[in-house]
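Q: Could you take me through the sheet in this model, strand by strand, with a close look at what packs on it? I would like one connected account, please.

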Amino acid sequence: MNKFHEFDYYLKPMKIKKVLLVFLILILSNNLNFSQSLENKNILVVWGGWKGHQPKVFADNVIKWLISQNAKITESNNFEVYDNYDSLTKFDLIIQSVTLSDISNNQADNLVKAINNGVGIAGAHGGLADSYRTKTNYQFMIGGQFVAHPGGKVNFEVNMLNDPLTEGLNNFKIFTEQYYMHFDPNIEIIADTTFDNKFYSWIDGVVMPVAWKKKYGKGKVFYISIGHDPNEFIRYPDGWKLLTRGFVWACRN
Ligand SMILES: [Zn+2]
């Protein structure tokens, strides 16, 4: 009985105001995170690897957008940029489009350590989640690895899940590779897709992430699996919006 009375007492107007204020601060800080700008942020765009994914086209599209955001851009089409840990930590965000290829153990260690210490990393398709297949520390950081795209290019639907990054975005149908991933249970999935039985009966109904965000130490990782042709992000505006919101989210505050 007494406890109920006490509870009643504490829920009097002062307490309610306090609770509302906390909620308001939470909502505002969420929105601030989301409306964060890339202005004057140091952004490294690294591209290379398998040419079939047209990494230069991806980089050009992204750089054009980064210029419009007044970001400070460094572009690199080789991996020497991963040679030096100290110079990597000067970046706020690394956007990478490198399918397959390989980097040295030292380069992988520097990259992973830089993310662990607060540099963000973001990218799409094989350019982020099918790079340097032998570097498991890199895969551990990214949170997933491409393993198959049943049927090659197919029609499928991208479903947006509830998250600040997908707010106002619509589910959309797309014709491209539907990536089948091995992924870390620790990722936050923000968009997904469902496989059917057309190519492999045993994956019928499997729900697979299309986009995720995750932490790695002090750094943030954003990934989206569409983008076999980088211009898909131009043709499917909800995909582009999600990608660019991911860049902003992953960037160091
Ligand atoms: Zn592809």
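A: Let's start with a definition: two strands pair if DSSP finds at least two bridges between them. Helices (H or I, at least four residues) and strands (E, at least two) are DSSP runs, numbered from the N terminus. This is a predicted model, in which local features need pLDDT of at least 70, side-chain atom pairs count only at pLDDT 80 or more, and totals for chains, interfaces and linings use all residues. Residues are numbered from 1 along each chain as its sequence is written.

The protein chain holds nine helices and 11 strands. Nine strands form an open sheet of mixed pairing, in the order 2-1-3-4-11-10-9-6-7. The edges belong to strand 2 and strand 7 (172-177); each has a single partner strand, so one side of each has no neighbour in the sheet. On average, neighbouring strands of this sheet are turned by 20° against each other, direction ignored; the axes here are lines fitted to C-alpha atoms (for helices over the stretch in contact), with angles from 0 to 180 degrees between N-to-C directions.

Strand 1 (residues 42-49) runs parallel to strand 2 (residues 72-76), and five bridges join them. Together with helix 3 (residues 55-68), strand 1 and strand 2 make a right-handed β-α-β unit. Right-handed here means that, with the strands pointing away from the viewer, the path from the first strand over the helix to the second runs clockwise. Strand 3 (residues 93-99) and strand 4 (residues 120-124) are also parallel, with three bridges between them, and Ile 94 stands opposite Ile 121 in strand 4.

Further along the order, the pairing of strand 10 with strand 11 is antiparallel, over six bridges. Tyr 216 has Gly 219 in strand 11 as its bridge partner. These two strands form a hairpin with two residues between them, and Gly 217 in the turn has a positive phi of about 60°. Strand 10 also pairs with strand 9 in the antiparallel sense over six bridges, where Ile 189 faces Trp 212 in strand 10. Strand 10 is largely enclosed by the rest of the structure, because seven of its 10 residues are buried; a residue is buried if 20 or more other C-beta atoms, placed from the backbone, lie within 10 Å of its own.

Val 158 gives us a view of strand 6 (residues 153-160). With 24 C-beta neighbours inside 10 Å, Val 158 counts as buried. Leaving out residues up to four places away in sequence, Val 158 touches Asn 171, Phe 172, Ile 174, Ala 191, Thr 193, Val 210 and Ile 226; contact means C-beta atoms, placed from the backbone, within 7 Å.

Finally, what packs on the sheet? Helix 9 (residues 237-250) lies across strand 3, strand 4, strand 7, strand 9 (188-194), strand 10 (207-216) and strand 11 (219-224), at about 170° to strand 11. Among the buried residues of helix 9 are Leu 242, Leu 243, Phe 247 and Trp 249. The buried residues of this helix pack against strand 3, strand 4, strand 9, strand 10, strand 11 and helix 8 (232-235).

Note on methods:
Contact = placed C-beta atoms within 7 Å. Buried ≥ 20, exposed ≤ 12 C-beta atoms within 10 Å, placed from the backbone.
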